[in-house]
Every structure is written in structure tokens, then in C-alpha cells.
Amino acid sequence: MSELRQLKPKIYSIGAIDWDRRLFDELIPLPDGTSYNSYLIKGSEKTALIDTVDPTMTDVLMKNLKQLEIKVVDYVITNHAEQDHSGSLPQILDIYPNAKVVCTPKCKTILMDLLFIPENKFIAGDDGKTLSLGDKTLEFIHAPWVHWPETMLTYLMEDRILFTCDFFGSHLATSDLFVTDEPTVYEAAKRYYAEIMMPFRGTIKRNLERIKDLEIEIIAPSHGPVYNNPDLILNAYREWISDEVKNEVILPYISMHGSTKKMVDYLVEALIERGITVKQFNLSKTDIGKLAIALVDAATIVIGSPTVLVGPHPIVVYAVYLANALRPKLKFASIIGSYGWSSKMVEQLAGMISNLKVDILEPVAIKGLPKEADFKALDRLAEEILNKHKELGIFKREA
Ligand code: FEO
């Protein structure tokens, strides 16, 4: 399906909506599809295309350019080299042979490596540099690591539109050009942040600082709808990247024969009784993106695993590997689980979370079905979590 609407006069959205895509990078679930937004700006003298689309949807972009009767593209502003935005670049340069690719120096080398774009096609989009299209002016703002090292933002000065590519994006296929359903977009943007941006929380802080004095009327990312109320996404990002955590325990687990599940059930109840919010994920069934979203705000993770061939269950290993790579701002972690005869499950899982700056609370690993002493150990863990949350000042019991 094609998109062909105007953000403002002479500024068109001409990308593609991918309603059916269900997986990104062969890893990230896309329950709501996605879009690859490309924008065309017709200045009085020059025409610029901002980002292209995924190579699977090049035909949509071409059709839209044809429909707008675009005979000349002078510049292709490439904010990000990843192929879902740059993938149609070779075809664009074929049909507009005089177009120049404007990007960061790092982006240039990546595009030459990934797409074999010839060196003479590039002009540098240096940090702070402006590029005139006649009555419209583009300013380039280097913003590395959202989420690759070469990323930049493009600010259309006269119209106060910030084109941010992945930054502030959401994997959401929708026919709405602008955000209309704020809760749905918020959830999709939080999922996007959790899965893609969260490892770069520190650099995002610096990038937000860089744009704080810009007058922004519209934020136009290259996935999901466009924000004509930029505060929606700016405030959400400020909250997500802050050091604040919530009175929440995330509990991803696997149980093979029910013993670990009994421990999970008991601990969950003990935490709820103490006024702590719990989000429990059976990893054999869960959408891993839901787990990532939960990790954005939580103070504590408790990992539940049985023992398989001495170590943790492989599905738990996968989830813990991802959680460690995503670097959420968790403060505390613990591990619970049951084994049959011997186990190195706790040691192996504890060794996998070195990226998490957490205090490890004493794990509860037991033999067989939980017994009275084991339930007491789980009560002790729940109490310790409560005390830690109180020390952080995040525990607020409802009256
Ligand atoms: Fe949407 Fe990093 O590409």
C-alpha cells in the first residue's frame, strides 16, 4: 500500500506501510507490522528525499515518486545506513543519476560497504551544516548511536520539522499519517525503544540535550506515524531514559515439570502481598518484545529456571542474554529454580548478566518440589526486595 500525503505544503510522505511484516532482523517481533517512511521536500530550487524504504518495498517508493511526477531529485538525505531505510538507494540513484547522497562520514563508509554506492555520489552532511533547497533549509545534526554509529537527524528549519529516522520511531503499520491513537502509538514506541534504543540510554540523553533548544512542531520518524504533538514522544523518552525505576519485579521463567512454577507462583503472591507490582512471563509462550517493554521501568528482575544438563533451561538463557544486551536500568536481580540432582544454573545465569548494574539478591535454588524451608526462603527474598525498593524510595503502598 502506498502513502502519499503532505506533512505541510511541499513536504510529502512517500514511503511504504508493511502491514504483514512480523519479524525484524529475524529477531524482533512486530505484532503490528511497521512502515518505512520516506519524505520528499520540494524546495523552490532543489528537491530532497529523506531516507528511502526497505528493499522489499522499493516499488511503492518508485510508484509514489512517479505519481508526484518527480523528474529530479537533487539530494538523498540518508539519516541512517540500515537497509530498511537505505535499501532502495541504488535504484533511486539509477533513476536520478545526478542525485547526491548526503550523510555523515561514517554513514558514507557503511553505505559503500553494504550497498556498493560509489564514492563520487556522496557529499558530506557535516554536523551543524545547512543545505539550501531555495526557500527551505536543512540542518544536519549528528546523533550517533540511535542506534548505529553513523546516525544523524535532519531539521527542516522553516517548517520546524525534525526528521529522526529510527529515533522516536515505532513499529506500527497504520493508515494514519499523524498520531491519532496516542495510547497505541505510545505502546508501540515503548516497544521500539525497549528493543532497539534502550542499550544506548546514555547517548540518547546526550542527543536529547542537543535538540532541546530546537523549535520543533513535528517529529517525523522513519517508522510509524508522525508526531504533530512532539511532547508526546519527547516526554516519553525523557521518562524512559531517566534513572527512575518503578516498584516492579519482572519475573521471566520456564518450568518443565511444575516445581519451578510452584516457586514462581509463591514468590509472585508474596510480592503482591507486600504491595509490589509483578510482571510474570512464561518464556515458552511470551512475546519477547513484551518482556523488553517491561524491562524499561522495573527495579528488579527475578529469573526462574529449572536445570537442564546441569545449567539453565536454553529458553531462559536466550531471554537472559537479550535482557543483558538491552541493558535496562534494573537495580536488583535474583534467580530462583528447582533442580533434580545437581545444578550450576545459578552460577551460569549470574555470569550472564554482567551488563546489568544490579545487586544480586540471594538466589533460591532448591532440590525437587519446594518444601516449607524453601517457601520461607522465597518469603525472605520477597522481604529483601521490599526493603530494597523502600530504600530506593519507590515503594508506595496504596492506602
Ligand atoms: Fe529502521 Fe535501524 O533501521
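Guide: Domain bounds here come from an automatic or database domain assignment. This is a predicted model, where local features need pLDDT of at least 70 and side-chain atom pairs count only at pLDDT 80 or more, while totals for chains, interfaces and linings use all residues. Residues are numbered from 1 along each chain as its sequence is written, and side-chain values use heavy atoms, with hydrogens and water left out.

Visitor: OK, which domains does the assignment give?

Guide: Domain 1 covers 5-241 and domain 2 covers 249-386. Their centres, taken over C-alpha atoms, are separated by 38 Å.

Visitor: How many residues are in contact between them?

Guide: On the domain 1 side 15 residues are in contact with 16 residues of domain 2, contact meaning heavy atoms within 4.5 Å.

Visitor: And how much area do they bury between them?

Guide: About 1,300 Å², with 61% of it on carbon and sulfur atoms. Buried area is the accessible area (1.4 Å probe) that two parts lose on being put together, summed over both.

Visitor: Switching topic: how many salt bridges cross the interface?

Guide: The rule finds three between domain 1 and domain 2. A salt bridge is a side-chain nitrogen of Lys or Arg within 4 Å of a carboxyl oxygen of Asp or Glu.

Visitor: What does the side chain of Glu-187 meet in a salt bridge?

Guide: The side chain of Lys-290, at 4.0 Å, N to O.
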